[in-house]
Amino acid sequence: GPPFIVSPPENITVNISQDALFTCQAEAYPGNLTYLWYWEEENVYFKNDLKLRVRILIDGTLIIFRVKPEDAGKYTCIPSNSLGRSPSASAYLTVQYPARVVNMPPVIYVPIGIHGYIRCPVEAEPPVTLVKWNKDGRPLRIEKYTGWNLLEDGSIRIEEATEDALGTYTCVPYNALGTMGQSPPARLVLKDPPYFTVLPGWEYRQEAGRELLIPCAAAGDPFPIIAWRKVGKPSRSKHNTLPGGTLQIRSLGKDDHGEWECVATNVVASITASTHLTVVGTSPHAPTSVHVVVAMTSANVSWEPGYDGGYEQTFSVWYGPLMKRAQFGPHDWLSLPVPAGSSWLLVDTLEPETAYQFSVLAQNKLGTSSFSEVVTVNTLAFPVTTPEPLVLVTPPRCLTANRTQQGVLLSWLPPANHSFPIDRYIMEFRVAERWEILDDGILGTENEFFAKDLSQDTWYEFRVLAVMQDLISEPSNVAGVSST
């Protein structure tokens with residue numbers, strides 16, 4: 001059958017000019033193996049600057065000689081014996097190098113009368129820690145200039161430029177590995193920013209399906225380019241910027257509703273003018289700002305209504321216990337109609353000490369909105385009448401593991417019963433048989449933990465234990481997640 005990768009490549013970090021080595025060992029029968037390596041989506045032997053500096057050994061190892069910053073990225077190994085579908089495994093190469101200036105423009109344009117920037121275009125790994133500036137061959141003392149600030153990325157922000165700013169500038173960026181030197185000189189020139197000759201109106205109302213034109217025009221030296229953009233959720237309709245700067249939307253849709261900006265840009269500055277577009281004759285927009293106040297067996301749900309789409313809208317509150325959430329979506333929850341004209345509802349059929357999720361839906365005669373954000377709350381516990389003689393701590397509950405771009409977010413509910421406040425939590429994990437401690441000092445007030453730096457392509461299991469006065473609870477449920 002097809003090969004099986006027994007030793008996949010691992011992420012590596014090397015300094016510029018060193019050699020990088022990725023292993024990739026596979027087994028197969030028959031064993032006539034060939035190995036292909038890709039950088040991002042391109043065969044390493046076809047990538048111009050890389051093909052002369054790579055070698056693939058007979059055991060699948062990839063060697064990259066004299067690494068350059070441009071070599072950084074994802075490398076994928078594909079072993080093949082011409083049978084079945086070949087497997088693949090990937091790892092990332094990080095190339096560290098001193099900070100360097102890339103593409104410093106020969107002329108820096110700063111607008112007159114509005115704020116502007118003097119930027120040092122830098123590449124660095126690890127990131128830049130310091131940028132030093134020279135003006136006319138001498139170190140620039142920024143504190144001498146009123147309204148000038150050095151920003152975190154090394155740029156200089158000028159509140160309002162005057163003749164004092166004129167001159168020739170160079171920058172030297174630094175990171176932990178040092179610098180590759182000074183930028184080429186750039187001459188600073190003051191210019192008038194672009195200006196609008198035609199502004200869009202404050203607001204436009206138009207029916208869905210119709211065409212709409214919104215005017216906008218600008219002038220300046222050099223002559224500005226005009227682009228339109230939707231603020232927030234993007235528009236899916238076909239929209240064009242006509243010659244001259246007018247926005248044309250052919251067939252208005254629901255997601256065209258909202259704030260639009262006309263942006264006029266030239267080398268000196270970008271200026272914006274905004275307008276609000278109301279699209280009439282659609283289903284309503286989702287409610288926002290959902291707020292839930294809980295008692296023992298009830299919850300008061302309130303929200304901000306979204307735009308009604310041009311017709312009267314009514315609301316319904318959807319809810320369900322969190323325990324079922326893994327198998328059920330909001331459509332499987334219970335729903336309650338809201339009396340007309342109201343933007344709150346008391347839900348009074350809940351179980352005590354249970355986690356619930358709530359969402360609100362709007363509807364008008366043309367259809368329904370999308371669901372609002374989902375809010376998770378815990379109803380309150382039964383009032384305790386008899387004192388508990390036992391010192392008791394039950395396990396934490398409802399541990400869930402959610403993958404994010406930065407790692408795995410673990411969240412849980414505190415133990416249902418405990419005689420005293422929880423001192424701390426212990427988070428354990430396993431990738432094989434044995435449980436190991438990930439962190440044993442999580443504050444008792446926390447119910448979330450971020451697991452970072454996990455190995456690629458591994459199945460992780462997590463569990464959490466509560467600690468109270470040297471008493472350790474039973475472990476919570478086990479939450480599993482793949483880092484693939």
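Biologist: Tyr460 first: buried or exposed?
Modeller: Buried, with a relative accessible area of 7%. Buried means under 20% relative accessible area, exposed over 50%, and partly exposed in between, using a 1.4 Å probe and protein chains only.

Biologist: What sort of model is this?
Modeller: A predicted one: local features need pLDDT of at least 70, side-chain atom pairs count only at pLDDT 80 or more, and totals for chains, interfaces and linings use all residues. Residues are numbered from 1 along each chain as its sequence is written, and side-chain values use heavy atoms, with hydrogens and water left out.

Biologist: How many aromatic pairs in the whole structure?
Modeller: The search finds 11. Rings of Phe, Tyr and Trp (its six-membered ring) pair if their centres lie within 6.5 Å; planes under 30 degrees apart are stacked, over 60 edge-to-face, the rest tilted. One of the pairs is Tyr319 with Phe358, stacked, at 5.9 Å centre to centre and 20° between the planes.

Biologist: Where do Tyr319 and Phe358 sit in the chain?
Modeller: In distant parts, 39 residues apart: Tyr319 in strand 31 (residues 314-321) and Phe358 in strand 34. Strands here are DSSP E runs of at least two residues, helices are H or I runs of at least four, and both are numbered from the N terminus. Tyr319 and Phe358 are both buried.

Biologist: Back to Tyr460. Which ring does Tyr460 pair with?
Modeller: Phe429. That pair is tilted, 6.1 Å centre to centre with 35° between the planes. Phe429 is in strand 39 (residues 424-430) and Tyr460 in strand 42 (residues 459-468), 31 residues apart. Phe429 also counts as buried, at 16% relative accessibility.

Biologist: New topic. What does Ser359 touch?
Modeller: Leaving out residues up to four places away in sequence, Ser359 contacts Ser316, Val317, Trp318, Trp333, Phe371, Ser372, Glu373 and Val374. Contact means heavy atoms within 4.5 Å. Ser359 lies in strand 34 (residues 355-364) and is buried, at 1% relative accessible area.

Biologist: Which backbone oxygen lies by a polar atom of the Ser359 side chain?
Modeller: That of Ser372, at 3.1 Å.

Biologist: Which residues have the most contacts inside the largest nonpolar core?
Modeller: Phe22, Trp37, Val44, Leu62, Ile64, Tyr75 and Leu93, in a core of 21 residues. Such a core is a set of buried Ala, Val, Leu, Ile, Met, Phe, Trp, Tyr and Cys residues joined through side-chain atoms within 4.5 Å.

Biologist: Which strand gives the most to that core?
Modeller: Strand 10, with 4 residues. Another core, of 20 residues, lies apart from it and includes Leu410, Ile442, Ala451 and Phe462. Ring pairs also link Phe22, Trp37 and Tyr75 into a cluster.

Biologist: Domains now. What does UniProt list as Ig-like?
Modeller: Its unreviewed entry lists residues 2-94, 98-189 and 194-278. Positions follow the numbering used here, feature names are shortened, and annotations may be inferred rather than shown by experiment. Residues 2-94 are 0% helix and 45% strand, with end C-alpha atoms 31 Å apart.

Biologist: And which spans are Fibronectin type-III?
Modeller: The unreviewed UniProt entry gives 283-382 and 392-484. Residues 392-484 are 0% helix and 52% strand, and their end C-alpha atoms lie 39 Å apart.

Biologist: What bounds does the domain assignment give?
Modeller: Domain 1 is 4-97, domain 2 is 102-192, domain 3 is 199-280, domain 4 is 288-378 and domain 5 is 397-483. Those bounds come from an automatic or database domain assignment. The C-alpha centres of domain 2 and domain 4 are 52 Å apart.

Methods:
Polar contact = N/O pair within 3.5 Å; in protein donor to acceptor, adjacent residues only side chain to side chain.
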